Amino acid sequence: MTLELQRHVQKDDESPFYIDELIKCRRAKRGFTDKSVPTEVVKDILSIARFAPSSSNTQPWKCYVLTGKARERVVAAAVKNFNDNHDKLTPEYPFFPEPLHEPHLSVFTKFRGQLGDAQGVERSDKESRRRDVARQFMFFGAPVGLIFTMDRKLVPASFICYGAFLQTVMLAAQGRGLDTLPQQIWSLQYQVLRKELGIPESDMVVCGMCIGYADNGLPENNIALDKFGPEKFATFLDV
Ligand SMILES: Cc1cc2nc3c(=O)[nH]c(=O)nc-3n(C[C@H](O)[C@H](O)[C@H](O)COP(=O)(O)O)c2cc1C
């Protein structure tokens, strides 16, 4: 276990398995320090993540790694686009059904409330909320931003593969003492990303990801979330 990982692990959370600790320690972080992450480390993470499973080994993932000037250029273009067009941006695929129904709506609303409280943003304060969303397009200060794309002709089964891949990326990062945030919100920026990164029309933007060292002093990096137990989502059948 790395020192960074040990720092996160609560004593009463200890498990005999290193992988369990990695899974429990990975939390969505929305604020990073400026400590840099060598590109070699990102390469290592992606070299491990390639072992993620995929349907018939199709490996639908493609990834753009943004650091330094490239990251700054994309952030500047995305923030400008957001500030100019925030009410017109639409993602390349729907995030949720419209309207979102129960029981999902209550969980969604509770989470948004917890996050807003931690960030000190009132739901009714549109201006603060907008500034806060703009921070998503700054990768919350993380020194590494990833943009993930996929051949748009593929169908939802490949999104399952993508989920397995993204979690593997996040765990590989966690094992190296790094923190992450998956960000589907980057799909709203597909036009900017297509232009800045030369993404072909045939590919869709699936999501982005922050990688860096979290600022764990921030309230939004310490939200206590409900995580349903298996009694809520699993049905055990024996006969
Ligand atoms: C596919 C996916 C997309 C996500 N997109 C965003 C996003 O755009 N912005 C964001 O702040 N969080 C995003 N998240 C983070 C979730 O809000 C977070 O995982 C969830 O609240 C559970 O918290 P935890 O990761 O700390 O367990 C995303 C998570 C997943 C799995």
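Modeller: Around the ligand you will find Arg-27, Ala-28, Arg-30, Phe-111, Gln-136, Leu-181, Pro-182, Gln-183, Gln-184, Ile-185, Cys-207 and Leu-225. A residue belongs to this shell if its C-beta atom, placed from the backbone, lies within 6 Å of the molecule. Please keep in mind that this is a predicted model: local features need pLDDT of at least 70, side-chain atom pairs count only at pLDDT 80 or more, and totals for chains, interfaces and linings use all residues. Residues are numbered from 1 along each chain as its sequence is written.

By class, the shell has seven nonpolar, three polar and two charged residues. Here Ala, Val, Leu, Ile, Met, Phe, Trp, Tyr, Cys and Pro count as nonpolar, Asp, Glu, Lys and Arg as charged, and the others, Gly among them, as polar.

Strand β3 (residues 179–183) gives the largest share of the shell, three residues. Strands (E, at least two residues) and helices (H or I, at least four) are DSSP runs, numbered from the N terminus.

From β3 we can move on to its sheet, which is open and has four strands in the order β1-β2-β4-β3, paired antiparallel. The strands β1 (62–66) and β3 are at the edges with a single partner strand each, so one side of each has no neighbour in the sheet. On average, neighbouring strands of this sheet are turned by 20° against each other, direction ignored; such angles are taken between axes, lines fitted to C-alpha atoms (for helices over the stretch in contact), and run from 0 to 180 degrees between N-to-C directions. Two strands pair if DSSP finds at least two bridges between them. Strands β2 (residues 144–151) and β4 (residues 203–212) run antiparallel and are joined by eight bridges. Opposite Ile-147 you can find Gly-208 in β4.

Now for a pair of helices. The axes of α2 (residues 18–25) and α7 (residues 157–175) come within 9 Å and cross at roughly 105°. That makes α2 roughly perpendicular to α7, a term for angles of 65 to 115 degrees, whereas those under 35 count as roughly parallel, over 145 as roughly antiparallel and the rest as oblique. In α2, Leu-22, Ile-23 and Cys-25 meet Leu-171, Gln-174 and Gly-175 of α7, where contact means C-beta atoms, placed from the backbone, within 7 Å. The residues of this contact are four nonpolar, two polar and no charged.

Definitions and conventions
Two residues are in contact if their C-beta atoms, placed from the backbone, lie within 7 Å.
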